[in-house]
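Take a moment to look over the sequence and the model. Then read on with the structure beside you.

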Amino acid sequence: MDLSLGHFIGLASVLFGIGAIGFLVRRNVLIQLMSIELMLNAVNLTLVAINRWMPGNHAGQVFAFFNIAIAAAEAAVGLAIVISVYRLKKSVQSDSVDLLKH
Amino acid sequence: MDFAFGWDFGRALMWIVLLPLLGALVNGISGRYASRGLVRAIAIGSVGLSFALALACFAKLVSLSGHAAADGEVEATTKLVNVVYDWFSVRVGDAVIPVRVALLMDHLSAVMTLVITGIGLLIHLYASSYMEEDPSYARFFTYLNLFTASMLILVLASNMPLMFVGWEGVGLCSYLLIGFWWENPTYAAAGKKAFIVNRIGDFGVLLGMFLLVATTASFEFAEINANASSLAIPLKLDQTHTIAFLTTGTAACLFLFLGCAGKSAQLPLYVWLPDAMAGPTPVSALIHAATMVTAGVYLVVRLSGVFLMSPGAMAFIALVGATTALFAASIALVQNQMKKILAYSTVSQLGFMFAGVGVGAFAGGFFHVFTHAFFKACLFLGAGSVMHAVHAHGDADLRELGGMKKFMPVTRWTFLLSCFAIAGFPLTSGFFSKDDILLGAAFIGTGPWADYPRWVGWVVFAMLAVAAFMTAFYMFRLYFLAFEGEFRGGQGHADHAHGHDDHGHAEPHESPWAMTLPLVVLAAGAGFVGFLGLPHWLGLPNVWEHWLEPSIARLPLAEGAHVSAAIGATAMGVGTLVGLGGIGLAYVWYVKEDGSTPARIAASLPRLQALLMDKWRVDELYALVLIRPMAWLARFAANFDKLFIDTLLTKATSSLALAAGWLVTRVQTGAVSMYGAVMVVGLAGIVWWFVVPHPGLQHVVRGTQVKLQAASGLGYEYRFDTNADGEFETPWSAERAVDGNYQPSDFRGGAIVLTTLRPGQRDREIVLHGGEPHAFDAADLGPDWVRGPAADGAAAAAGGTAPVDDTVPAIRWTVPVRDLFLPFAPRGGLAHSATLEEAESLAERIASGESTVEIARARATNDEERTRLGAMAGEDGVDGHVKLADGTDVHFERGARVAVAETARGVHVVALDSGEAILRPNGARVRVRGAEVTEPETRLRPGEVAQVGNALVRVAAVVSATVEVRNAFGYTVDDTVDVVVQPERPATEARADAPGGAR
Amino acid sequence: MSGSGELVFWFAAALAVLSAIATVAMRSPIRAAVGLLFHIISLAGMYLVLHAHLLAAIQLIVYAGAVVVLFVFVIMLIGPSAETGLGTRGLLVRTASGGLMALVMGAISFALIDYAPRMLAGVENCPPGAGAECGQYGGVKALGGVLYGAAALPFELVSVLLLVAILGAIAVARGRSADETEALKARKLARASAGGQ
């Protein structure tokens, strides 16, 4: 069986789903951040895969490249927030931060 | 427009108006931050410049009319005109009437402009000192400048709408200035009273203006006056009704006079002016004595051509004016407040002016406007000077004055001179102008104008003579009580002085030069401007009348009518006598006798005295008749608002919103997981949208051409089956639109399109096809289905014997479409609301192979309207056959689907799915192809139109189209639409189908 | 697609799914971080299959080398309390939304697993007349050319973004000394009293 684009996008959607479920179900901010990384990686996979089937240019790969850069920035800021929250609440549970309720 | 006079004078007109307006703007915006000196400089400077420009324009006008007199071209060259810009235009009938912002200075408005800017300048100067203590100094001058600008617009406007702008502007400024000290609720109420009473008058001005423009087709004063003869027609109520005894001119004059009565304080709308004395005294002098209140007289003189068309209205004006003069003078006799007396005196003098213009002495009445401006302004300013001296705030009580002459000599002498002028002492200005009015009344009494009632002249003459006597008396009563005798400064003085510690004078003192200078100038005017209007009958030159001649319409006097010396002498003699008599009586009673006689008279007539003191209790009458019912209505409305709107509607809706908001905030837990969950729902929606294709097939019909268009989407591909026969005409492609062209073989159902042809009513199309229930009523189809020409046709067809049933309230199609459209059920069942037995019997007959079916009598949803309908169709070799209740038959093709319609007149239309239709007039008048249908049955081809009454029945057909859409992932979705196509009418019959042209 | 590429794909796919599940399911964050590391490595392999060589390298350097290390660093900093239980708050909503997400993604995967796009074209088969960069697909030269050519502006913007992120991270994570906190409080009080007048 030859590989088709469907294989890659199907895999990517499974990975994205796992990341999303992790983000939704887990309450540990660290794990939630990792879940976000999973989702970003899934998106990168679709970009690279679709680019592979449209090889006339490198748009998909360039986008994936920028995504990686943005993911790095996001991880840095996100983890800084985690540290800040931990300092205040002595906890890394996302539910403990709900002051923006109203 | 002709600018032959040079652009500079046209421009100057504009700047006359603009300068005070700019002054108001600057002071209004930045005055509160500026020093008093700067505010004063701007306010006085702008009016002063405006006065200088007005003088220049006046000089130009004088030189022009000098030339004109030499050339004999009076009409064209006695005015300066400046069209500033085109404002808007109005369509009256077929004519488009432009409204321009155009300024016009002719001999009439030149005089008014000089009075406004000249006296305005003096009063600005006076006020700059008088208002020195007031914290709202800049606000006062803003209003005063704005008033000057508005008043200038009023008099310089060359057409009625622009005049109305000024008219409203002065009303607004009057309101603002009366309520200038708004902290005092009484003053604020006085302002509101003035404003509201003026509104009533403005209503009249508007109505009068509309009448004039509707009749003379112009807004320009000059053209209205020139076309005034067209006003002599009975007043039209609408296209057909007129009022025989009232001409348009009279109605317009009476409406305009209502406005003048409001603005110029005539009976019965005078009530606001006495209260208007709540404003600062310079305001009383400028607005409520010298300028604004004379706007009504100005308007009458300006439209003299119109008023001459209606002697009745003029007589009415004269009588109202004379009554007002007498009435107000009687009130002024007993008042004790200085400004109150002057206010009633103003009302009375305005009555003189209206009496003057009412008896046709336009120049005389307007002369009184001119002289009155001087002496009344001087009197008010003198009163203000007195109040300033004794620190009276609001008004000064005569009982607390007296002997002022030794404290303030300048004020005393100017006041005395003005009193002589208003009393009509010989050779003062008031003497000449009042004499002109009396002379006019006496002259008209001799009957030189055939249409004018003579008796009015003498009645007005008598009333004015009495009023003049009273005037002389109360003015000198005022003078003697205030300036002669001993100072009686008492309680009030001490109270008021309290608020002015910085002055600290125990004794009254003369006012500063800025206040006395205007007094002197005005008093000089009051003394001497009368010589402009020397009596003509003595052979003396009347400069005034000669000057105004080009601007005022000539009275239609009888041949040879002229003012005889006897009449002139009578008027002058009576005028002199009553004036001197009034002064003498006041002298005897208040100087010789120290006021004991009038006190005794008042004591012997307590009720009359009380009535006069209460100003004839007119305000109380208004309160009873107008204000209380209004207040009751207002309370009712307020309670309704409170109980129904606020409680029921507002609370209900707001609590609904609150509840919804509460519900939504339940989601706002602040927990990230909750927000994530909500995001997932949105994400699922987006995913669904992108993964599942959305055909969204739409169509545009043009005859049998149908443009089909599917929705666009990412990576969509389409293929179309335009006639829904299961075979796709187009291959898969990204093209999302396709044109379908239909032949009769593609038709899948019949349809009837009903269109009303009522003029003015939006066309309504009702399409009957494929099984969707729809109930029709008269509103759907229009009353023509019930009461069209078809009714006559029905009667004619019945041989004229059958009564026409015009009482049918609505078309009888109150049945749902499923009764009209009867698809044949394959097994022979009958799919409509016939009774069960009928259906069974029909089914049997079809099953047994009978080719003819009896009528099925369907029961309408509405019992009393049994609809005679039936439709059957055959299948599998059985031809459809329907027999309608009237015994006629309809045949169908095999497998046909039909739509059947019946109108109130009994017209049947049966549409077949071949696109053809069968039409049965059943006696009603139906037109097809331009000709009336005579046969009992006609076949209509696709696209043909039958006219029933004023409604159109168009035969149409139903086609179906399908599109399949697949997206990049290979998902495929299809969508089918039914389209009603209306085949073009056969070309050869296009012209004959005339009714269709109305669409 | 070559047969060896197919083998790598299935292996990497299995590893990616398993490590992803490990990442979200592990109770201990440090174990989850290890799962994430494996996940990233497997995706780098996937990129190799897809002929994105430079990207695979960047994936390893940036993700495995920087991001995961950062995670581990923070976990170590926080210490034992970095580990939390599943908790009960909003468990129903969380489970339901997670289930819905699983449904949606499952549907998409199921729908797409056989999807063969019509514009399939192999990189190896360069069309006649194609430029020299054709065979360079996914290589350093080709991708670098794009990054410093057409995408130069966004590339520079990303560098600015990273700088801002660094500054933001410092500002957010930096703690305040007791003195600083006192000074801040005093300033706030002064401002409040000034606004009240």
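This is a predicted model: local features need pLDDT of at least 70, side-chain atom pairs count only at pLDDT 80 or more; totals for chains, interfaces and linings use all residues.

Residues are numbered from 1 along each chain as its sequence is written, while chains are lettered from A and ligands numbered from 1 in the order in which they are written.

Start with chain C. It has 7 helices and 0 strands. Helices (H or I, at least four residues) and strands (E, at least two) are DSSP runs, numbered from the N terminus. Along the sequence, the pattern of chain C is α-α-α-α-α-α-α. Chain C has 197 residues, and 29% of them count as buried. A residue is buried if 20 or more other C-beta atoms lie within 10 Å of its own, exposed if 12 or fewer, and partly exposed in between; the C-beta atoms are placed from the backbone.

Now look at where chain C meets chain A. Two residues are in contact if their C-beta atoms, placed from the backbone, lie within 7 Å. Chain C gives 79 residues to this contact, and chain A gives 66 residues. On the chain C side, α1 (3-25), α2 (29-49), α3 (53-78), α4 (91-112), α5 (140-148) and α6 (152-173) each supply at least two residues. The largest share, 13 residues, comes from α3(C). By class, this side of chain C has 60 nonpolar, 15 polar and 4 charged residues. Here Ala, Val, Leu, Ile, Met, Phe, Trp, Tyr, Cys and Pro count as nonpolar, Asp, Glu, Lys and Arg as charged, and the others, Gly among them, as polar.

Turn to chain B. It has 31 helices and 21 strands. Of its 999 residues, 50% are buried.

Find strands β1 (residues 80-92) and β2 (residues 95-105) of chain B. They pair in the antiparallel sense over 11 bridges. Strands pair if DSSP finds at least two bridges between them. V92(B) has A95(B) in β2(B) as its bridge partner. The two strands form a hairpin with 2 residues between them, and G93(B) in the turn has a positive phi of about 65°.

Finish with helix α20 (residues 513-528) of chain B. How far apart are its end C-alpha atoms? They are 22 Å apart, which agrees with the 22 Å that its 16 residues should span at 1.5 Å a residue. The expected span is 1.5 Å times one less than the number of residues. Among the buried residues of α20(B) are M515(B), L519(B) and L522(B). Their cover includes α3 (107-130), α15 (362-390), α16 (409-423) and α17 (429-445) of chain B.
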